[in-house]
Amino acid sequence: MIEILFVDDQPEQLAELEKSLRRFRNEWSMEFAGSGQEALRRLANRQFDVVVTDLNMPEMPGGELLRQVQERWPQTVRILFSGRGECQEAMQSTTSAHQHLAKPCDPDLLEMTISDTFSLRYHLENDAIRDLVGRLGQLPTLPDVYTELMHELEAPNSSVARVGDIIRGDVSISAKILQLVNSSYFGLPVHVTDVSHAVALLGLNVVKPLVLSSGLFHQFAPGSLGEFSLSYLVDHSTEVALAARCVTQLEGAAPEDCDHAFMAGMLHDLGQLVLAKNFSAQYDQMRAVARDSDTPLHELETAEFEANHADLGAYLLGLWGLPAPIVEAIVWHHAPFQSTHDRFTPLAAVHAAESLLARRTNATGENSEISHEFLARIGRTDRVSVWSVALGGEPQVA
Ligand SMILES: [Fe+2]
Ligand SMILES: [Fe+2]
């Protein structure tokens, strides 16, 4: 049984929540706390799998409670609720939550969110992935500039000028970002020479993933990756990120889903880079076999390492506390049917984007077939053609 602690400082709302969740009492053991302090006392006394808290609590805001939970009980799944429109920015920049949900609580959405999160954990907490990570001598670390950026965004008086200063502080990352935003992918009408200008034109929700991906990708010096091309990875990731965001927008999804789809697209093949760095000759050979035999690369990886680049990338991003929808999109980008998702999510966007681009350009070497089984499950079979045309391809026959 999953042990869940709910926290809200408004007694009527807490009572309402308790009533609406009564039907889950056979699968969840639930406790309800009336303040952040009370929640911390209960957490100290017994283990909870999930903490679900309201954001807006004057005495101890939900973001602060989750920060303490992350520090003291890092294994606990952390979910943050906020009223519609209320402190939207604060909610988006709170990094301690695995998931953000809007109030009033939709019990079915909460149930789906918790079951998705647990299936992700079950998948990532297996020994094969941990063994593979244990064998890797060189692992990327979360870039300092990204951590600093997230801290600035969480600060009550965060400023755009300071955001620009932070990114500019890392000269090589700023240079990579400027190179990318001036590429044809972003189609900007002017040449951008400063990161603050890039933020003003593209928005922080685009620049933030570029900071993280550049900071991660460029920890691997060129020349030590065998035949693996870092510049190809940057191009492929950018294409998938833009296409995944486009598909998400076409589905009329929330802005947060569009941002998650973009971030997941930028990072979906991070695991490939880690494998190229650690097993360069062996990985070159594996990619050659994938190309020559038309076998999906991730299948060859799993046969060799018992885990693949999707597992590896998702594992690292999960460790660094990136939001669960991003981690889910990465771990199942080649096999979305293995997830528990039964609705359109960033996972569907990244999977579809990559498959549709591969079908058109046939350049990824990843051999990504779109999963019709998954599209049928999420009720989007008839949307593939619309997505394909929007991405500049041909209409698709389902
Ligand atoms: Fe890919
Ligand atoms: Fe991939």
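Let's start with a word we will need throughout: a residue is buried when its relative accessible area is under 20%, exposed when it is over 50%, and partly exposed in between (1.4 Å probe, protein chains only). By that rule, buried residues make up 53% of the 398 residues in the protein chain.

Before you click, note that this is a predicted model, in which local features need pLDDT of at least 70 and side-chain atom pairs count only at pLDDT 80 or more, while totals for chains, interfaces and linings use all residues. Residues are numbered from 1 along each chain as its sequence is written, chains are lettered from A and ligands numbered from 1 in the order in which they are written, and side-chain values use heavy atoms, with hydrogens and water left out.

**Stop 1: the whole chain**

Show the protein chain as a cartoon and you will find 21 helices and five strands; these are DSSP runs (helices H or I, at least four residues; strands E, at least two), numbered from the N terminus. Along the principal axes, the C-alpha atoms fill a box of roughly 60 × 45 × 45 Å. The radius of gyration of the protein chain is 21 Å, in agreement with the value near 21 Å for a compact globule of 398 residues; here the radius is taken over C-alpha atoms, and the globule rule is 2.2 Å times the number of residues to the power 0.38.

**Stop 2: helix 2**

Now select residues 36-45, which form helix 2, and colour its buried residues Gly36, Ala39, Leu40 and Leu43. Look down the helix axis: these buried residues fall within an arc of 100 degrees, so they line one face of helix 2. The arc is that of the directions from the helix axis to the C-beta atoms. On the face turned away from the buried side, pick out the exposed residues Arg41 and Asn45.

**Stop 3: histidine 260**

Next, go to helix 13 (residues 255-267) and select histidine 260. Histidine 260 is buried, with a relative accessible area of 11%. Leaving aside neighbours within four places in sequence, histidine 260 is in contact with Pro323, Pro325, Ile326 and Pro346, where contact means heavy atoms within 4.5 Å.

**Stop 4: glycine 321**

Finally, centre on glycine 321, in the loop between helix 17 (309-319) and helix 18 (324-331). Glycine 321 is buried too, at a relative accessible area of 14%. Draw a line between the C-alpha atoms of glycine 321 and alanine 253, and it will span 23 Å.
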